[in-house]
Amino acid sequence: MVGIFLFIRGKLRLGDANMGIFTRFFRNNRDKLADRHMSEPSNEKERPSSKKLSENVKYILDAFHQSNDLKIRVLKKGDAALLYFESLAEHEKIHEKIFAPIEMGHTEDVFHLPNAKQTNDLEEVVRTLLRGHAIYMEEGKKEISQFSVTSSFGRTPEEPQNERVVRGAHDGFVENMMTNINLVRKRVEHRDLTIKYFKLGKKTNTNVAVVYMDGIADPMIVQEIETRLHSLDSDMIHSPGHIEEFIEDKSNSPFPQMLNTERPDRVAANLVEGRVAIMAEGSPTTLIAPATFFMFYQAPDDYNMRWFTGTFVRLIRLFSFIIAVTLPAFYIAVVSFHFEVIPDELIIPVKASINEIAYPPILEALVMVIIIELIREAGIRLPAPIGQTIGIVGGLVIGDAVVRAGLVSNLMVIVVALTAIASFVVPSNELSTALRLLTFPLIILAGTIGFIGIVFGMLFIIIHLTRLQSFGVPYFAPLAPLSLVDLKDTFVRLPMYMMKLRPKDAHAVKPIALNPSREWKNRDEQNQSKQGSGGNDQPSSTDDTTK
Amino acid sequence: MTNPPQQMTQQNEQKLSQRQFFFIIVQTQIGVGVLSVPYELHSVAKQDSWISLLLGAVAIQVLLVGIWFVAKNFPHDTLFTMNDKMFTKWVGRPLSILYIFYFIGVGTLIILLFSRMISIWVLPNTPLWVMALLMVTVCMYMVGGGLLVLGRLYTMLSFLLVFLLCLIIFSTKETHIMYLFPMLETGWGKIFAGINKAIFSFFGFIVSLVIFSKVEGTNKQKLKTIVMAHWFVTLFYLFTVFASFTFFSTSELPLVPEPVLYMLKTFSLPIIARIDLFFISIWVINVATSFATYLYLSSLGLSDLFKRHSQNQWIVVVGICVFSISIYIGLDMSKIETFNKVVTYSGYIFSLTLPLIMVPVSYLRKKKDKGGAS
């Protein structure tokens with residue numbers, strides 16, 4: 001370390017106070033074309049800098065409560081000082097770009113660095129220091145120069161662990177918001193892509209970005225999101241998941257009302273559909289609003305497959321929803337109330353399996369479902385090899401032993417295992433957890449009043465889904481309200497060229513997403529019927545007529 | 001792009017679409033009755049009662065035009081505020097209260113018939129209060145979302161009707177058209193008497209009068225929707241009646257109070273042995289939708305009457321009322337029958353007679369208003 005630590009106090013001459021009004025006037029004039037920064041222009045307080053170097057430094061030091069990682073380097077034999085956070089700034093940059101020229105005597109060169117900015121406001125200096133800037137001040141000058149020398153450590157954009165795809169883009173968001181926005185902007189290269197910054201969290205000052213396509217996204221929804229973000233008044237905001245609970249419509253609902261994703265392609269696609277993304281510094285997760293129930297069943301993979309396969313996979317996923325929620329309940333209802341539903345051939349095996357179990361089916365089911373949850377929760381945070389061991393011990397050993405011990409029936413193990421698998425089919429982790437939670441009330445209802453209980457339970461869930469809204473958009477669209485056109489991308493996945501309209505639930509201002517794109521097909525047919533001079537590749541049908 | 005706040009408020013008062021209106025009427029009419037309609041009809045005019053059903057449908061069709069005529073004179077009112085305007089406050093208010101009682105009565109009847117059916121067919125040992133409580137709470141939650149949520153929900157749940165139809169179609173493979181003959185054996189007198197029973201099964205159309213002003217579209221479109229919904233219901237009933245009349249002979253039918261279920265019970269699929277249990281499970285949802293409509297209507301009436309905008313507290317009040325009345329009456333057959341008679345006969349007054357009286361009154365009132373204005 002070469003730095004000289006100094007507390008400069010009372011060493012410098014008196015500054016003249018009369019200049020204050022004049023310089024302020026002057027500066028106001030100049031602000032017509034100001035630099036734009038992350039922080040929104042808000043009513044943050046100002047504090048004009050003084051001519052005395054010592055006063056300025058003292059102010060800054062006090063502002064940071066003498067924090068030890070704030071470095072002060074005294075230059076020019078005490079006539080100038082360079083301040084920066086050694087924890088935020090990059091040493092090499094400082095050394096190369098600032099320190100060296102000043103020591104060499106070329107002070108003026110430093111001010112012409114492209115990332116240099118002058119200010120007279122000490123409060124602003126405090127804020128920029130926190131952003132990782134270096135501050136250069138000179139004795140007898142009010143001007144303070146700021147240099148952006150932020151160092152950043154970031155992962156490379158790798159594919160998110162929880163949203164893998166077979167085909168398609170393999171990059172993902174990282175903790176650095178600028179990288180994330182970069183990934184989105186690269187995908188949506190259009191001037192309408194609008195990004196608005198917010199500072200949330202009084203103590204953490206987290207940068208939050210609202211990203212949307214102006215002219216496609218419903219301005220009302222954008223405004224609603226902004227209003228809700230503005231009304232958020234908390235000391236700490238650390239991730240979108242944190243923000244979600246503050247701005248969602250109904251927090252006492254098991255269903256997630258905003259889509260969480262770490263995939264830039266997914267965000268880009270949703271932006272173009274007319275939805276709004278919310279990103280936060282320090283977290284790779286992006287929120288997408290407004291969300292609907294069926295969005296959680298769409299995976300980026302669907303659009304890279306042939307549409308037959310895509311549709312098939314969609315249907316499998318939606319089927320998994322029904323299995324995950326109702327299968328244990330259905331089984332319990334059948335064995336404890338409606339045995340007559342089982343066909344004759346199956347009655348003996350089923351009866352044989354459950355006859356020797358001491359506990360009622362509902363208890364069996366609850367125990368098994370809880371065991372599965374235990375295994376899952378135990379395995380989730382352990383390193384992969386141990387996690388696997390847990391899976392084997394939990395799944396195979398307990399599953400087998402529990403049946404042999406006669407505590408739980410064979411069939412129940414099958415049912416619960418199937419349910420667990422089905423619940424993991426959902427591409428979204430949030431919804432999958434919600435589904436597993438919903439199993440419990442249904443098991444209890446089925447165990448007390450059988451089929452009728454399941455019907456009431458399901459009806460209740462459906463009513464809840466219908467009543468739910470995400471930023472003023474019905475959550476269960478396009479089923480309720482029914483929109484037949486929008487079923488094209490819900491239960492099925494029709495070919496891309498048929499998705500002419502954006503989904504209605506996004507409230508897009510511009511509904512048409514694509515114009516007829518397969519005109520060449522008509523042209524080919526026309527050519528065939530005309531039996532034109534074959535072989536020539538004519539680019540359009542107009543050429544045919546001129547010929 | 002209009003200014004945002006305005007649109008926000010509009011969303012709260014968003015009107016029903018024609019399709020939602022259609023399904024609200026359909027789902028209200030198709031309810032508890034489905035299972036017993038063939039039996040009830042058969043008890044009067046034997047195998048000819050499908051003719052009564054058709055004649056009844058035509059009669060109701062005439063009435064629907066009348067209802068439409070009344071409603072179209074009051075484009076911003078529900079039935080309850082209409083009463084005030086047509087019959088003055090002194091008569092209108094009590095009339096509205098009577099209507100609310102009627103709706104509560106129908107709701108209670110639905111709960112009772114539903115619970116009785118469940119206790120006969122599925123859960124013989126489950127006490128009434130469990131079924132009543134479940135139905136009332138679920139429907140209170142449903143109605144709490146407002147009319148728009150009801151519209152959306154009913155539209156979505158209507159695909160279950162297709163499912164019910166499919167189950168019935170499945171059972172038609174053993175039908176005998178012969179059972180419908182000889183036609184007109186009982187004579188026209190009996191057939192006309194059967195109209196009486198047929199009209200019962202259509203009660204519920206009154207909902208179109210109450211929520212008419214909450215639907216978007218021109219009066220003509222609305223009339224079209226009402227008529228279409230009516231004939232959809234008629235066809236649905238006709239289909240059930242035909243299926244059960246051709247499956248069971250005339251001498252068998254008086255023995256089976258729920259012919260559709262008995263019919264399904266005889267079949268079994270390779271995976272499911274008892275289809276009737278599935279039918280009844282889906283039917284529960286149809287019952288819930290009809291009950292929810294009556295719950296909505298009575299709570300709407302109460303909030304209109306007391307000029308309170310929040311309907312939710314009235315939903316709770318009505319829910320508790322219905323629950324306590326149904327517990328009071330209990331699952332006693334004779335009591336339910338008496339109650340059934342009371343409600344159906346008051347249906348004559350509230351669904352048939354009063355709307356017919358309203359036709360000339362609303363016309364005169366409108367004419368008078370116009371005269372007064374000019």
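**Reading a sheet and a helix pair in a predicted model**

A: In this predicted model, helix 3 (residues 91-104) of chain A lies across strand 1, strand 2 (80-85), strand 4 and strand 5 of chain A. Its direction makes an angle of about 20° with strand 1 of chain A.

Q: In what order do the five strands of the open sheet in chain A lie, and how are they paired?

A: The order is 1-2-4-5-3, and the pairing is antiparallel.

Q: Which are the edge strands of this sheet?

A: An edge strand pairs on one side only; in chain A this applies to strand 1 (70-75) and strand 3 (116-119). On average, neighbouring strands of the sheet are turned by 20° against each other, direction ignored.

Q: How many bridges join strand 4 of chain A to strand 5 of chain A?

A: Strand 4 (residues 133-138) and strand 5 (residues 144-148) of chain A run antiparallel and are joined by five bridges. One pair of bridge partners is A:A134 and A:F147, the latter in strand 5 of chain A.

Q: What describes two packed helices?

A: The description rests on the angle between the axes and the distance between them. In chain B, the axes of helix 2 (residues 18-29) and helix 11 (residues 219-247) come within 9 Å and cross at roughly 35°. The crossing of helix 2 of chain B and helix 11 of chain B is right-handed.

Q: Which residues of helix 2 of chain B meet helix 11 of chain B?

A: From helix 2 of chain B, they are B:Q18, B:F21, B:F22, B:I25, B:V26 and B:Q29. The residues they meet in helix 11 of chain B include B:F232, B:V233 and B:Y237. By class, the contact between helix 2 and helix 11 of chain B has 10 nonpolar, four polar and one charged residues.

Key:
Residues numbered from 1 in each chain as written. Chains lettered and ligands numbered in written order. Predicted model: local features only at pLDDT ≥ 70, side-chain atom pairs only at ≥ 80, totals over all residues. Heavy atoms only, no water. Pairing = 2+ DSSP bridges. Helix = DSSP H or I, 4+ residues; strand = E, 2+ residues; numbered from the N terminus. Axes fitted to C-alpha atoms, helices over the stretch in contact; angles between N-to-C directions. Contact = heavy atoms within 4.5 Å. Left-handed = near helix turned anticlockwise from the far one by under 90°. Nonpolar A, V, L, I, M, F, W, Y, C, P; charged D, E, K, R; others polar.
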